[in-house]
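Subject: Structure for you to look at

Hello,

Here is the structure I said I would pass on. My notes follow below it.

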Amino acid sequence: MPAPEIIYTNAKVITMAESFDEACNGLTDTAEAFATLDGRVTGVGSNQEVLATGGPRTRIVDLKGATVLPGFIDAHSHFPGSGLQGIRWTDLSAPPNGLVRNIASLVEEMGRWAGHSDGWVLGRGYDQTLLTETRHPTRWELDGVSPDRPVWVWHASGHMGVGNSRSLEVAGITANSANPTGGYIDKDPVSGQPTGLLQEAAARLIEREIPPPSGSERDLAAAHAMREYLGVGVTTSIIAGGDLPALEDLRRWRRAGTLAMRVIMMQWSNPTVTELTGDLEGEGDDWLSLGAHGESVHDGSLQGYTGYLSQPYFKVAADSGYDPSWRGFPIESRETLTERVSDLARLGLRSAIHANGDAAIDDLLFAYAAAADGSQACFRWRIEHAQTVRDDQLDRFNDLHISPSFFVSHVYYWGDQHRDTFLGLERARRISPLKSAIERGIRFSIHLDSPVVPMNPLHAVWCAVNRLTRSGQVLGPEERVTPHLALRAVTIDAAWQNLIDDTRGSIEPGKLADFVILAENPLTIDPLGIKDIEVLEVRIAGEPVHCINGTNEPGKAGRTDDVHN
Ligand SMILES: [Zn+2]
Ligand SMILES: [Zn+2]
């Protein structure tokens, strides 16, 4: 066996390997050193053990007590979507991420952005529950941005948005327009005029009119998003739904050598199975591949009243147009859903389906049970977000081989609204019930759904551990999990769920040398500080892709600069 290229010593290596659990019960570090060669890990152990494998040309890097974890796996986001901010659209999120507090400031920001863009004036990330007015803006208010250019603002969830009068005209939406299947055109109860708010499939009527970003805009967006993702320790990003043009972009970046982060694309399977699988044959590798799952969407967003619940929403505003028995709606019938799950399974693809409301999850359980044929493609079916999953539903997950991907950051970003408006305390306190899942032996990932909220796996871990809302209250303390279990959901369990645990998710001999070096140990720091831990350095295949001091030169990073020999 050839000697390693680099040996890292004096570290707290949280390997996330299965042996870590058995030996230490997840409470202490298992290794102080590890070695890499040709982009892979070759050894893990004590300083003495690993140093003994070194040769004359092996470099020794003293990590001086820093913590090392496997590179984070982003199990569900929309790379490079967040990179389009400032290129295609402006950010309309509320504090602390953005500055939009009310409709006047939203219109003002859109007006500013109109001066920097041509054609469509686009914004994204507003949240009506966080605006002073606690309602969506209207088309008439957005006419104040521009009366003759089309204006469109996406809701933070991405499931809906509001257009100005010109945009409705471009999309041909009038008082006479009927709701499309799986969509809702909001209309003024008195005049019958569309208010500009378009939900789910109705939002597509506008989106299809918006010219796609140009190739150079997409290249720039990818560069921005990669810097953002790598800076927070993401070494593999799994795109939750991409089509052939998206794949072509990824291939172009791979060929050009600009793809600095590993990417896996789950292909869109709704409305049709696009059968890209063959397209990447012989081409997929550890840097770019198609996912084991095909992605689709079965309901909407609870904070937009489009999540599909079994019981009515807690409160609906009198002027909202919803009656008190409103439960949201499914995007399609159980039968259509089942058909697609079966179609995908026949292609050897597992399903990954967005379902926030428990009624939507009932539909998924129906479809997964009906489509299960014992083939490989019927294991590790994913449920995306699974926000209001009930205990009796979790009870069936292992039998049906389901692995959810929880959007646990909802507790922080929308937990107050779920408690006070959408769900009421009893349902809100058990959104993203990680502890209940763990008690049943269910393995899962957690994600941030960027650009819905900013990419930051340690922030998601912090949410899972603390369950603090924006207002600083703990929501559902009984569903909090330990830092170790939360870290599994962004490392080894995320890898397992997506069938990449043979190469990723832990620091073990033979696996890819993808790892993050942190300034503090998330297992022992005050749990409230987890989100603020500095990511000092990130390496993919042993090469530095992010260093906190800004240099990407191998061996010149962070704490490792003067210690090579
Ligand atoms: Zn989703
Ligand atoms: Zn998503």
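In which helix do Arg251 and Glu248 both lie, and how many residues apart are they? Both are in helix α8 (residues 244-256), three residues apart, which is about one turn of the helix. A salt bridge here is a side-chain nitrogen of Lys or Arg within 4 Å of a carboxyl oxygen of Asp or Glu. The search of the whole structure finds 31 salt bridges.

Some ground rules. This is a predicted model, in which local features need pLDDT of at least 70 and side-chain atom pairs count only at pLDDT 80 or more, while totals for chains, interfaces and linings use all residues. Residues are numbered from 1 along each chain as its sequence is written, chains are lettered from A and ligands numbered from 1 in the order in which they are written, and side-chain values use heavy atoms, with hydrogens and water left out.

Overall form

The chain has 17 helices and 23 strands; these are DSSP runs numbered from the N terminus (helices H or I, at least four residues; strands E, at least two). The radius of gyration, taken over C-alpha atoms, is 24 Å, close to the 24 Å that the globule rule (2.2 Å times the number of residues to the power 0.38) gives for 565 residues, so the chain is as compact as a globular protein of that length. Along its principal axes the C-alpha trace spans about 80 × 50 × 50 Å.

Domains 1 and 3

Three domains are given: domain 1 (6-71 + 507-560), domain 2 (89-207) and domain 3 (215-497). Their bounds come from an automatic or database domain assignment. The centres of domain 1 and domain 3, over C-alpha atoms, are 29 Å apart. In contact (heavy atoms within 4.5 Å) are 28 residues of domain 1 and 26 residues of domain 3.

The area buried between domain 1 and domain 3 is about 2300 Å², and carbon and sulfur atoms give 68% of that. Buried area means the accessible area (1.4 Å probe) that two parts lose on being put together, summed over both. Met16, Lys531 and Ile540 supply 27% of what domain 1 buries against domain 3, more than any other three residues.

Two salt bridges are counted between domain 1 and domain 3. Separately, the side chains of Arg40 and Asp286 meet in a salt bridge at 3.4 Å, N to O. On the side of domain 1 that touches domain 3, α1 (18-24), β6 (67-70), β21 (515-518), β22 (535-540) and β23 (543-547) each supply at least two residues. The largest share, four residues, comes from β22.

Backbone details

Two cis peptide bonds are worth a look. One joins Phe79 and Pro80, with omega about 0 degrees, and Pro80 lies in the loop between β7 (72-77) and β8 (90-91). Another joins Pro95 and Pro96, with omega about 10 degrees; Pro96 is in the loop between β8 and α3 (103-114).

Asn10 has a phi near 50 degrees, a positive value in a residue other than glycine. Asn10 sits in the loop between β1 (6-9) and β2 (12-13).

Regards
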